There are 2 protein chains.
Amino acid sequence: MKRISRLMVKKVAVLGAGMMGSAITVPLADSGNYVNLWGTEYDVPILEHIRKTSMHPSLKANLPKQVNVFYPEELDKALYDREVVFIAVTSDAAKTILKRALPYMGNARKVIILSKGIHVENDKIMSLSQVVSEGIKSMERDIDVISVGGPCIAEELVKRVPTLGVYASYNLNSALDCKKVFETDYYKIIATDDVIGVELCAALKNSYAIAIGWSYGLSDAGDYKTVYNLESLLLTQAIKEMRVIVKSFGGNDETVIGPAGLGDLNVTIKKVEGRNVNFGRLLGKGMSFEEAIKCMHVSGKTTIEGVPTAIKIYEFLTRSEHLSQILDELILLKALTNVLKGKISVKEALSEILEDISKD
Amino acid sequence: MKRISRLMVKKVAVLGAGMMGSAITVPLADSGNYVNLWGTEYDVPILEHIRKTSMHPSLKANLPKQVNVFYPEELDKALYDREVVFIAVTSDAAKTILKRALPYMGNARKVIILSKGIHVENDKIMSLSQVVSEGIKSMERDIDVISVGGPCIAEELVKRVPTLGVYASYNLNSALDCKKVFETDYYKIIATDDVIGVELCAALKNSYAIAIGWSYGLSDAGDYKTVYNLESLLLTQAIKEMRVIVKSFGGNDETVIGPAGLGDLNVTIKKVEGRNVNFGRLLGKGMSFEEAIKCMHVSGKTTIEGVPTAIKIYEFLTRSEHLSQILDELILLKALTNVLKGKISVKEALSEILEDISKD
């Protein structure tokens, strides 16, 4: 374990005791910091389980003994004196939780967002970090906001499988500070100021994972034994298009080739229970959009983040005067959007993609 | 199926009736060309099987009826009148077979190399296409040489699973001609003049597949259930280093992010029976280099192409006055070479990589 100076040790709070919020407490505690883990009203059964056994019921792994667990009504205690606050609730709850938390965050200098998500309005795309930043500013507080990307399956992080987190902040020094205090020998941190690139990657990878999932569905349907050639074609096309999109929004296209883009997309398509890739798989198997949604709902998975993200970004680009020119290059995103809107089947989509892909 | 003008139809010979040589006859025949498939002395049992049943015994799939099969002693007949000759024998046999074939290649305008391999001499690195080109020139013949990259598992190609071939030639028009006559609705062709980039990708992906294989070995050893975080970290680092190497040799680093680089590396690590990734897997499981080699030999796999490629390129770079500066960036290649030379264990290699990877 890396030795760090006691002066660098931080008092940290993690808001959200789901898989990711709980898993991140492992490197945070291992790097010597004081960690409070607070759960929402939805997390109560998890919190009780952890208090009784120190094991997280979904992660099926023990959290470090040094982690203090707090119930929903103990938000003030969980945040008391905390310099760094991680937000790890679902992306649609992030704003509400932040509002509840801010009054108790007198000592907070950094908010680190593990939740992912983008919000599209008519005239602009807002990332979760922007939503959070605006919330903080409206309360007249001066806190650095940092978004985290990179390949990070919670079930693996809690077991200390080596990986990388990409910490993005407009204030690069703030991200570098995180590197100093939160790195361990298995959890490395890369600091960047490409906030847009990291956040777009985190959102887009869900959409492209749906399209890559099609290939597994074709295999399931018995059309082919393996489909690695097609998977690879879709993967490289996804990376190509993510670079075009990130660049057009002012991000750095190199981010897409790194851990936050390719790295995160790769774990997203690999994770057996990943909902985006499995949704795509059902479509590839020949199900209609409605049938696939129904099937996901039956297994309790009601949110397929990649669906609204793909449609919103595609429609946003269509409406945009100066960005619509990149649509010609977004062969896969276009086909995906048409499948998600029920306009074409996956097989038709694949024919179109193959026809277009080798034109340039 | 794409309709092509009869004027464009080519008379093609494929030399080598192994998996890849046989599989490529499928799109070649489907795109309407006349195809002769010739086998070497080692291929005789395969040829007999195809003649009797039209099925390739290892591919377990039928070859198109239009494909004419030729025995080793029929090389002259197989090549008679052929305008395009595909070389699909093992890379170390390519030069010899070409020498045997050239006297009968009076009509040949193109040689297309499906075999992969690089040859390192003290002062330079030669790709297989360079070796073949020199052979052609020494016989005072004027034939375009084209190298093929991209994600292309033969077992899938023969079943018409959609994919892309990247055809690279210093004469771009020659590669574009191939696109015109060999493309089908499932086999697309991208033409490029980045010969160095495509050939280095084809060679390097074998070496990096060994290192990515380590992660699966750690999982096999029971250390972790899944290791997708680590796999992703190694994959993105591999792509990063392949870009550095390709660029330093005068190739285009964009090639690495496309089908010939990322696409081919992805199928290489996915293919269950892939020898490079499986060799890496054995090392990751804790076997020594010798134990892993022995284990591969038992299953009849005596050539692990990525091993000599990694060592030769690393040593070449070490000796090179103006290229050795890039070694600092080649964290993974360095660790891999040290593992292959028995200097460090995979676990030590991973520690070193993790230590170095987040420094920049």
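**Exercise 1. Find how many residue pairs are in polar contact across the interface of domain 1 and domain 2 of chain A, and describe that interface.**

Solution. Step 1: the rule finds 3 residue pairs in polar contact between domain 1 of chain A and domain 2 of chain A, both residues at pLDDT 80 or more. A polar contact is a pair of N or O atoms within 3.5 Å; within protein, one must be able to donate a hydrogen and the other to accept it, and residues adjacent in sequence count only if both atoms are side-chain atoms.

Step 1: list the elements that give two or more residues to the domain 1 side. They are strand 8 (118–120), strand 9 (125–127), helix 5 (128–138), strand 10 (144–149), strand 11 (163–168) and strand 12 (187–192) of chain A. Helices (H or I, at least four residues) and strands (E, at least two) are DSSP runs, numbered from the N terminus.

Step 2: sort the residues on this side by class, which gives 13 nonpolar, 8 polar and 5 charged. Here Ala, Val, Leu, Ile, Met, Phe, Trp, Tyr, Cys and Pro count as nonpolar, Asp, Glu, Lys and Arg as charged, and the others, Gly among them, as polar.

Step 3: look for salt bridges (a side-chain nitrogen of Lys or Arg within 4 Å of a carboxyl oxygen of Asp or Glu). The rule finds 1 across this interface. Glu155(A) and Lys271(A) also meet in a salt bridge, at 3.9 Å from N to O.

The structure is a predicted model, in which local features need pLDDT of at least 70 and side-chain atom pairs count only at pLDDT 80 or more, while totals for chains, interfaces and linings use all residues. Residues are numbered from 1 along each chain as its sequence is written, chains are lettered from A and ligands numbered from 1 in the order in which they are written, and side-chain values use heavy atoms, with hydrogens and water left out.

**Exercise 2. State where the two domains of chain A lie and what area is buried between them.**

Solution. Step 1: domain 1 covers 6–193 and domain 2 covers 196–357; these bounds come from an automatic or database domain assignment.

Step 1: their C-alpha centres are 28 Å apart. In the contact (heavy atoms within 4.5 Å), domain 1 of chain A takes part with 26 residues and domain 2 of chain A with 19 residues.

Step 2: the buried area is about 1700 Å², and carbon and sulfur atoms give 67% of it. Buried area is the accessible area (1.4 Å probe) that two parts lose on being put together, summed over both.

**Exercise 3. Work out how chain B is related to chain A.**

Solution. Copies are superposed by least squares on the C-alpha atoms of residues with pLDDT of at least 70 in both.

Step 1: this is therefore the relation of a two-fold axis. In chain B, Ile257(B) has the C-alpha nearest the axis, 3.8 Å from it.

Step 2: 100% of the contact residues of chain B recur in chain A, so the same surface serves both copies.

**Exercise 4. Describe the contact between chain B and chain A.**

Solution. Step 1: each side is counted, giving 45 residues from chain B and 45 residues from chain A. About 3800 Å² is buried, of which carbon and sulfur atoms give 60%. Tyr228(B), Asn229(B) and Lys270(B) supply 17% of the area that chain B buries, more than any other three residues.

Step 1: the count of salt bridges is 6. Arg243(A) pairs with Glu254(B) in a salt bridge, with the closest N and O atoms 2.9 Å apart.
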